[in-house]
Structure formats: C-alpha cells, structure tokens
Amino acid sequence: MEKLKEYKWPIITIFLTIIILIFMLSIGYTFGFLSENPDGLEKVIEDAGYVEQEGLWVPILSWVENNYLEGIIGIVIITLIVNIFFYFGIKSKKNK
Amino acid sequence: MIIIHINDGILAPIPIGVLWIITILTITFGYFKIRKLFNSEDYEKFIPYIGVLAAVIFAFQYVNYPIIGGSSGHLIGGTLVAVILGPWASVLVLFLVLMVQSLFGDGGLLALGANTFNMGIICGIIGFFIVVGIKRLLDRTKIQNTYNIIVSTAIGSYIALLIASIACGIQLVISGIGTFEFVIPAMLFWYSLIGIGEAVISALIIFYILKTKPNFIMTQKFLRIF
C-alpha cells in the first residue's frame, strides 16, 4: 500500500497523459485537420519517381487499418514496453 | 495508413546493413552508459514518466501537421528526448518507439536501423551536443537561464533535423533513389519548413516540464540548468 501511495502521482500522470493523447488524436481525426498529405521524406521519394513496392513481409499489426485505433493501441503498447524495459533494467542493476 | 518513416524496399542492402550495425553498437554502448544511472533513486521514480514521454513521442509522430506546398510534417522528438533523458537514453526510447511503429507498417523493420540512426542517433545524440553548445554560448549572455535552455532546445532540434534530413537524403541517393542534386536540396527544403514545428513543439514541451516538473530533466547538471 505504501508503495502504491508513492507511485500515486506517476500513475495519475500516466492515465491523464494517455487520455489527453487519445483525445488529441480523436479530435484530429474527427475534424480532419491532421494532414493526409505526404510528409517531407515521402514527398521527396515520390518526386524522385520511386514507386513503392510490395513489402517483404506483412507487419504483425497491419490488420489495424483505422489510424485512430492504431494510435491508441500504439500508445498503450509503447507505454508498457518502455516501463517494463526501464523497470527490469533498474531492477537487474540493483540486484547486482 | 499514414507512412511516416523509411519503409522496407526503399534503401539498398548496404546502407541497411551498415546503419543496423551502427545502431546496434550505439544502443549497446548507450545501454551500459545509462545503466550507471540506474542506481540513482531519481531514475526509479521517473520510470512511469519515461513511459509517458515515449507515448507522447509516439502520438506526436502520428500528428501530421500541414505545411505549404502539399506536404506535411510531424515531430521527430529525438533532440527533445535527449534534452530530457540524456543522449543515450534518447536512442533507446526512439528505437522502441520506431520498433512499435514498424509493427503497424509505419517504417520498415529492415529499415529500423536507418530510422533509428536518423531520428535517434543524429537527432538525439548529435542534437543534444548542439543544444549543449548553444546553451553554453547563451550562458555568456544576459538571457535568463530558463529561457536559455528553451531557446537552445528549439535551435538545436531544428539544426539536428536538418542534419538528419541530409543524412537520410544521402542514404536515398546511395540506394539509387534520385540524384544528389535533386534529393539533398529537396530534403533540406521540406525539412527546413517541418523543422519549425519541431523546434516550436520541443521548446513548448521543455517549457512545460521546466514549469511543472523540472527535476524530470535528468541532464540538468550537464546542461547547467539550475
């Protein structure tokens, strides 16, 4: 319980930030002010005459076709991965 | 689907291989560098915030803001993360963010080494030292210290993005996509516009952290913030 109290604010921050990010993405996609135009790199590649080829493999999460859903799933996955990575990194260092 | 990074099939095998080797070596070296910091209490306390920062970078890389000429831009965030967590941690965080994006098909898995090199190593490590250099120059002026770091982050992230765009352009030319005379000026043109957004967003996030949780900036001793 003491440990939980210690992490109260970080946990609240995580939830609030994730809610804000999801809200930000949802507004962007709902009102359509996010640009669908190619970004700088894609524009240069297109202008250079490169034609995109079929990929060598199918990305594991490519079945998620909705950009908004992709953003939400991605935010959750990356938060978990980074937390787990740094948590175990620190734990293993302290155990030594 | 929004395509935001180099996809598989664009770069030739040699640049892919070389950039993977550089990225793996840098991440390994960087991991041992940041492991030294893992003993500090601060680092443990800040784990959840590091996760949030990675989520912020992930989300902002999805937000493509329109720029003139029918193109768009998004935050890269390498320099921003480096200013907050340090250059080595920034490469790791950017690598993890790009890896998750590649699972959705945004940036190829084979091109992950190149994407990490451009956004993590150049924008992160090189960008960080540019910020440090600019900060040291501004320290000699009468500008308030808090503003020094905000201005340095803005300018540093802008310059780092331009360097990364040149590096990316060179990788494209080596891979046979366009000529040097076309690709490099085109990359510089678009990223000189996109960089304005990068500089503004990075500076605003640093400003916000300085106002709300300044201790989270783990490079404060190195950057002489306080």
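Let me start with A:Thr79, which sits in helix α4 of chain A, the helix of residues 67-95. Is this threonine buried or exposed? In this predicted model, A:Thr79 is buried, because 24 other C-beta atoms lie within 10 Å of its own, and the cut-off for calling a residue buried is 20 or more. If we leave aside the neighbours within four places in sequence, A:Thr79 is in contact with A:Ile14 and A:Ile18 on its own chain, and with B:Gly51, B:Val52, B:Ala54 and B:Ala55 on the other chain. Along its own chain, A:Ser92 comes 13 residues away from A:Thr79, and the C-alpha atoms of the two are separated by 20 Å.

Those contacts with chain B bring me to the interface, where 53 residues of chain B are in contact with 51 residues of chain A. The elements of chain B that give two or more residues to this side are α2 (41-45), α3 (47-62), β1 (65-67), β2 (71-73), α5 (87-103) and α8 (180-212). Which of the elements gives the most? That is α3(B), with 12 residues. If we sort the side of chain B that touches chain A by class, we find 37 nonpolar, 13 polar and 3 charged residues.

One residue of chain B that I would like you to find on the screen is B:Ala59, which touches A:Leu21, A:Met24, A:Leu25, A:Gly71 and A:Ile75, when residues up to four places away in sequence are not counted. B:Ala59 also has a place in the largest nonpolar core, which has 87 residues, and it is listed there with B:Ala54, B:Val93 and B:Val97 as having the most contacts inside that core.

Chain A has 4 helices and 0 strands, and buried residues make up 24% of its 96 residues. Against that background, please look at helix α3 of chain A, residues 40-47, which is mostly covered, with 6 of its 8 residues buried. The buried ones are A:Gly40, A:Leu41, A:Glu42, A:Lys43, A:Val44 and A:Ile45. What covers the buried residues of this helix? The cover includes β2, α7 (145-174) and α8 of chain B. Just after α3(A), A:Gly49 takes a positive phi of about 90°.

Now to chain B as a whole, whose secondary structure comes to 9 helices and 2 strands. Read from the N terminus, the order is α-α-α-β-β-α-α-α-α-α-α. The radius of gyration is 17 Å, close to the 17 Å that the globule rule gives for 226 residues, so chain B is as compact as a globular protein of that length. Its C-alpha atoms fill a box of roughly 50 × 35 × 30 Å along the principal axes, and 57% of its residues count as buried. Among the contacts in chain B with a separation of 6 or more, 75% come from residues 24 or more positions apart.

Within chain B, helix α6 deserves a careful look, since 20 of its 28 residues are buried, so it is largely enclosed by the rest of the structure. This helix bends by about 30° at B:Gly127. Another glycine in α6(B) is B:Gly120, which counts as buried because it has 32 C-beta neighbours inside 10 Å. Leaving aside neighbours within four places in sequence, B:Gly120 is in contact with B:Gly78, B:Ser90, B:Val91, B:Leu94 and B:Phe95. B:Pro214, by contrast, is 94 residues from B:Gly120 in sequence, and the two are 23 Å apart in space, C-alpha to C-alpha.

Finally, a word on confidence. The predictor gives the complex an ipTM of 0.86 and a pTM of 0.89. Chain B averages a pLDDT of 89, with 96% of its residues scoring at least 70, while chain A averages 79, with 86% of its residues scoring at least 70. Within chain B, the lowest mean among the elements belongs to α2(B), at 71, and the highest to helix α6, at 95. In chain A, confidence is lowest in helix α1, residues 2-6, at a mean of 64, and highest in α3(A), at 88. Where pLDDT is low, the predicted coordinates should not be read in detail.

Technical notes:
Residues are numbered from 1 along each chain as its sequence is written. Chains are lettered from A and ligands numbered from 1 in the order in which they are written. This is a predicted model: local features need pLDDT of at least 70, side-chain atom pairs count only at pLDDT 80 or more; totals for chains, interfaces and linings use all residues. Two residues are in contact if their C-beta atoms, placed from the backbone, lie within 7 Å. Ala, Val, Leu, Ile, Met, Phe, Trp, Tyr, Cys and Pro count as nonpolar, Asp, Glu, Lys and Arg as charged, and the others, Gly among them, as polar. pLDDT is the predictor's confidence in each residue, from 0 to 100. The radius of gyration is taken over C-alpha atoms; the globule rule is 2.2 Å times the number of residues to the power 0.38. A residue is buried if 20 or more other C-beta atoms lie within 10 Å of its own, exposed if 12 or fewer, and partly exposed in between; C-beta atoms are placed from the backbone. A nonpolar core is a set of buried Ala, Val, Leu, Ile, Met, Phe, Trp, Tyr and Cys residues joined through C-beta atoms within 7 Å. The bend at a residue is the angle between axes fitted to the seven residues ending there and the seven starting there.
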